[in-house]
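Please examine the predicted model shown here, beginning with the surroundings of its ligand and moving on to helix packing and backbone geometry.

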Amino acid sequence: MTMAVAGTETNKGFIDVRDMGVTFGANDDKVVAVENVSLNVQPGEFVSLIGPSGCGKSTLLSIVAGFVKPTLGEARLDGKAITKPGSDRGVVFQQYSLFPWLSVRKNVEFGLKMAGVDQSKRNTTARALLDLAGLLSFENHYPDQLSGGMKQRIGIVRALATSPQVLLMDEPFGALDTQTRVVMQEILTNIWQQFKISVLFITHDIEESIFLSDRIYVMTARPGRIKAEIKVPLPRPRRAEMTDTPEFMNLVQELKGLIREESLAAMAPEIKDRGLSGFGMKVGPKGVGEIF
Amino acid sequence: MGSLASAKIVALPMVEKHSVPEPAVAAVKPPAAEISATGATANASAPVAVAEIPVPEPEPVPTVSLTKVLRSLLAKITRERIITAALACISIGALFLFWYLGTKYRLEFYIRFKNVPTPYEVYQQLTQVGLSNKYLVNIAISVRRILLGFFIALSIGVPLGLAIGKYQRVRDLFMPVVEIMRPIPAIAWVPMSIMLWPNNEASIVFITFIGAFFPILLNTIHGVHSLDGVLIRAARCLGASEFRLFLNVILPGSLPHIFTGLAVGMGVAWVSLIAAEMISGQFGVGYFTWEAYSLVDYPAIVLGMITIGFLGLACSGIIRMVGSLLMPWLAFAPGGKR
Ligand SMILES: Nc1ncnc2c1ncn2[C@@H]1O[C@H](COP(=O)(O)OP(=O)(O)OP(=O)(O)O)[C@@H](O)[C@H]1O
Ligand SMILES: [Mg+2]
């Protein structure tokens with residue numbers, strides 16, 4: 001996948017995270033969120049990060065976005081250490097993050113306005129992007145007049161307006177229903193192919209990660225480490241029908257196995273801490289198996 | 001598949017965004033023109049095209065025609081609105097009826113209507129004294145004091161509130177003083193204010209200011225705090241500098257709360273103004289009312305009260321109107337405007 005991009009001059013958008021460690025709090029409330037994580041996203045590559053809840057996926061993304069400073073290690077974009085947020089990295093959040101006081105078009109224009117682009121240029125760019133998202137006819141609506149899927153589509157093109165080198169997406173479709181999700185995934189692939197932009201995509205959804213990605217990192221339960229790195233050799237462009245092919249199914253099975261182990265591991269400490277009697281049950285002679 | 005991929009590569013160099021290091025103005029220009037171009041080619045070639053997305057029908061653009069305008073006006077007279085208007089008439093009518101009957105039969109049951117003027121007497125007062133110069137000058141002076149005090153409170157309260165809400169250190173510095181001063185009612189400032197300011201006019205404006213200031217300040221702070229953090233993060237990664245963040249995110253984001261503060265502040269400003277005028281004033285509607293009492297001019301007392309009521313109503317009406325003009329998006333906000 002990166003080969004196609006190498007032919008063009010777009011060799012930007014290389015994310016490199018090395019030996020990253022993040023600890024929140026101090027002393028007794030110390031939480032090691034992420035430990036010894038190294039990962040990269042090649043220019044133009046679509047990479048997913050998948051793992052159990054609370055394993056530090058959002059934390060990792062916040063570091064690349066520049067909102068959080070790592071305790072150990074560092075994150076680099078095209079060789080430059082990331083220290084603060086900037087418009088070279090577009091971010092799409094899980095929560096709807098459109099400015100409710102701005103019309104749809106003004107939302108998309110926001111980044112350009114911050115960059116000092118003049119009104120007519122902003123206008124043309126925003127309209128072109130809205131057209132791409134299929135929402136041009138809603139340019140003068142306010143975000144509160146739109147459905148969740150529309151808001152996220154606008155969130156995506158808003159992040160693209162400043163021509164960032166990378167797009168960071170934190171479970172952007174998490175709040176959407178399955179049907180909308182599938183459509184959104186196709187739109188996203190479409191946009192990604194046109195922009196040839198690097199994407200770091202966080203998700204809970206195994207099928208989603210396979211459908212979208214070139215590569216998938218699986219994280220362990222907290223403290224989050226990289227458990228496995230899986231290449232997705234499915235051809236592009238991806239279509240909804242591909243989810244029924246044996247190759248796709250096999251990948252799903254493989255990932256399910258990896259994640260199941262971790263989800264159990266993520267729950268186990270809590271269960272251990274509370275003690276089984278905490279559930280109002282007695283541990284029988286056959287041990288835990290009897291209860292589950 | 002292969003031909004598709006190569007077609008993509010051919011189309012790609014058109015998007016030159018990566019050739020410019022900074023995504024600023026220069027970098028943005030090329031894609032602006034080309035997004036539509038690439039979009040068109042992609043739609044033609046890629047099977048998974050944007051066109052497949054089920055997009056809801058856009059709302060039809062209304063064309064201007066007389067019948068339509070009339071019909072839309074008629075449509076506004078809904079059952080709901082008629083009921084609302086009828087109930088408003090009933091409630092105001094009941095108040096007048098109570099007043100009228102009370103004064104007509106000179107009711108005496110604990111409250112005494114003996115000296116209360118009838119509605120007609122007040123109406124006569126309005127037509128005689130009411131439109132005299134003295135009365136209008138009093139109104140003008142009160143309005144000027146209100147506007148001065150209120151706008152000074154607004155122009156200090158809103159920026160200070162934004163800064164206190166945003167920066168912990170500013171908060172630490174100002175909040176102790178605010179917490180001590182806030183419980184002191186504006187009326188309690190009257191003696192101090194007379195000592196403090198060189199003339200009567202300034203001291204009354206000051207008291208009005210004090211009345212309006214704290215509601216505006218506190219609501220602005222609250223507005224900043226209730227702003228969703230994800231919006232600030234979104235603005236930051238869209239390249240907003242600190243100053244632009246204030247202007248483009250924090251200010252509009254807190255605007256609904258600021259307007260709540262303005263409405264409350266305006267109310268308290270009137271209370272403070274009338275009290276100050278009654279105690280220390282020359283001129284003003286409060287003074288007019290108090291003077292009428294001293295001169296045993298009962299109809300003028302009621303006229304003064306009604307005037308104050310109308311002025312207060314007009315001021316809060318203006319604030320609400322400006323609010324809905326400045327914040328059109330609130331009409332669609334979940335939970336609505338009411
Ligand atoms: N600001 C913070 N202060 C303290 N602890 C934090 C903070 N942010 C995150 N954590 C902790 O770090 C861990 C990782 O959080 P993070 O939000 O990155 O998880 P996640 O993988 O995104 O989970 P989910 O899939 O549920 O969104 C969690 O245990 C969380 O409690
Ligand atoms: Mg998360």
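An oxygen atom of ligand 1 is 2.6 Å from an N or O atom in the side chain of Ser58(A), a polar contact in the sense of a pair of N or O atoms within 3.5 Å. The table sets this pair beside its counterparts at Lys57(A) and His204(A).

| Side chain with the N or O atom | Distance to an oxygen atom of ligand 1 |
|---|---|
| Lys57(A) | 2.7 Å |
| Ser58(A) | 2.6 Å |
| His204(A) | 3.1 Å |

The protein covers 63% of the 630 Å² of accessible area that ligand 1 has on its own, with areas taken from the Shrake-Rupley method with a 1.4 Å probe. Residues around the ligand, meaning those with a heavy atom within 4 Å of it, include Phe24(A), Ala33(A), Glu171(A) and Arg222(A). By class, this shell has three nonpolar, six polar and three charged residues, where Ala, Val, Leu, Ile, Met, Phe, Trp, Tyr, Cys and Pro count as nonpolar, Asp, Glu, Lys and Arg as charged, and the others, Gly among them, as polar. Helix 2 (residues 57-65) of chain A gives the most to the shell, with three residues; helices (H or I, at least four residues) and strands (E, at least two) are DSSP runs, numbered from the N terminus.

In chain B, helix 6 (residues 133-166) and helix 12 (residues 285-294) pack at an angle of about 135 degrees, with their axes 7 Å apart. Helix 6 of chain B is therefore oblique to helix 12 of chain B, since angles under 35 degrees count as roughly parallel, over 145 as roughly antiparallel, 65 to 115 as roughly perpendicular and the rest as oblique.

Turning to the backbone, a cis peptide bond with omega of about -5 degrees joins Arg236(A) and Pro237(A), and Asp19(A), in strand 1 (residues 15-24) of chain A, has a positive phi near 45 degrees.

Residues are numbered from 1 along each chain as its sequence is written, while chains are lettered from A and ligands numbered from 1 in the order in which they are written. In this predicted model, local features need pLDDT of at least 70 and side-chain atom pairs count only at pLDDT 80 or more, whereas totals for chains, interfaces and linings use all residues, and side-chain values use heavy atoms, with hydrogens and water left out.

Conventions:
Axes are lines fitted to C-alpha atoms, for helices over the stretch in contact, and angles run from 0 to 180 degrees between N-to-C directions. A polar contact is a pair of N or O atoms within 3.5 Å; within protein, one must be able to donate a hydrogen and the other to accept it, and residues adjacent in sequence count only if both atoms are side-chain atoms.
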